[in-house]
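Trainee: Could you take one part of this model and walk me through it closely? I'd like to see how it sits among its surroundings.

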Amino acid sequence: MDIFQKDIVTIIHSALTGIKGTLSDGFDLEKGIKLAREHNIIAIFYEGAVLCGVSNEIPMMQNMINDVCKTVIVDARQISMINRLTEAFDKEYIDYLPLKGILLKQFYPKSEMRAMGDVDILIKLEQYSKIQEILKDLDFLYKYESDHELVWTNPSLFLELHKSVMTTYNKDFYKYFSTGWDLASKVDGTNSRYEFKPEDFYVYIFVHFTKHYRISGIGIKHILDLWVYAQAHPRVDWRYIHKILKQLNLYEFHQNVIDTLNVWFDNGEQNEKTSLITNVIFSSGQYGTREMSNINHAIRESKNNG
């Protein structure tokens with residue numbers, strides 16, 4: 001990591017742990033705020049910067065307060081609508097399994113620290129006609145259908161209903177996950193809410209991380225998800241996780257990502273691979289870059305058609 005990256009990681013670590021960090025004398029606050037906006041980690045950045053001694057009286061920090069307030073409002077509206085939606089699903093015995101950010105939010109110090117651009121929920125297609133009625137009652141409008149998603153929106157929520165947890169064209173991953181329902185079990189005390197066990201959910205979010213990393217790059221908040229989730233589940237069965245990652249040919253890459261997180265948050269020793277992963281993540285923005293996506297698409301196509 002270079003000095004700027006170390007400062008950003010220090011700020012993030014302070015926000016996530018509440019521990020005051022020390023920034024370099026020449027920390028470029030303007031550049032840091034720009035990066036936080038690009039990666040949609042405004043609430044984390046503001047909280048951590050203040051903990052690290054950056055004055056919230058500075059005009060740039062004052063401007064950030066507005067962004068943080070907007071993030072809090074968006075978060076509250078999203079959660080309210082998610083609760084209305086899932087209560088309706090449970091009332092009507094619609095099977096559903098929340099994915100990604102909905103679940104990850106609870107493991108951050110504050111919900112708004114895990115911003116979501118969209119909300120992902122796995123459903124069963126045979127129940128879709130009933131689901132459509134519920135969505136219309138909640139003022140959702142249908143937008144489009146993709147390989148593995150049915151997309152609906154309303155003023156509070158961009159909703160992606162998953163037909164499967166993994167795209168069919170990611171053949172190596174789809175073979176293991178399929179629709180995802182085989183790995184799910186019903187949550188006690190509910191009519192129709194399902195979940196993955198912690199080990200399978202961790203594998204899922206790592207595969208999601210990998211999918212974006214190899215297609216177009218992936219942003220800071222997604223590698224933070226891995227660290228935050230692992231910190232919240234210290235007793236997960238790592239032998240099981242490693243077994244599945246080996247089946248998916250992801251074990252070595254996962255070790256490199258863990259080594260990177262150790263460099264970031266636990267004084268781990270840098271090497272060529274951790275530096276590469278750090279640079280890819282910092283340069284990617286929230287969901288990677290179009291240039292990286294185009295390059296990787298060309299590589300995949302050349303392998304397929306020569």
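Mentor: Let's take helix H3, residues 42-51, which is mostly covered, with 7 of its 10 residues buried. Keep in mind that this is a predicted model. The buried ones are Ile42, Ala43, Ile44, Phe45, Tyr46, Gly48 and Ala49. What sits over them includes helix H1 (3-17), helix H2 (29-38), helix H4 (59-91) and helix H9 (220-232). Just past the end of H3, Gly53 takes a positive phi of about 100°.

Now zoom in on Phe45. Leaving aside neighbours within four places in sequence, Phe45 is in contact with Ile8, Ile11, Phe27, Leu29, Gly32, Ile33, Ala36 and Met64. Phe45 is also, along with Phe209 and Trp264, one of the residues with the most contacts inside the largest nonpolar core, which has 74 residues. H8 gives the most to this core, with 9 residues. There's a second, separate core too: it has 22 residues, including Ile94, Val119, Tyr128 and Leu157.

The axes of H8 (residues 198-215) and H11 (residues 251-265) come within 12 Å and cross at roughly 90°, which makes H8 roughly perpendicular to H11.

Terms used
Residues numbered from 1 in each chain as written. Predicted model: local features only at pLDDT ≥ 70, side-chain atom pairs only at ≥ 80, totals over all residues. Heavy atoms only, no water. Axes fitted to C-alpha atoms, helices over the stretch in contact; angles between N-to-C directions. Helix = DSSP H or I, 4+ residues; strand = E, 2+ residues; numbered from the N terminus. Parallel < 35°, antiparallel > 145°, perpendicular 65-115°, else oblique. Core = buried A, V, L, I, M, F, W, Y, C linked by side-chain atoms within 4.5 Å. Buried < 20%, exposed > 50% of the residue type's maximum accessible area, 1.4 Å probe, protein only. Contact = heavy atoms within 4.5 Å.
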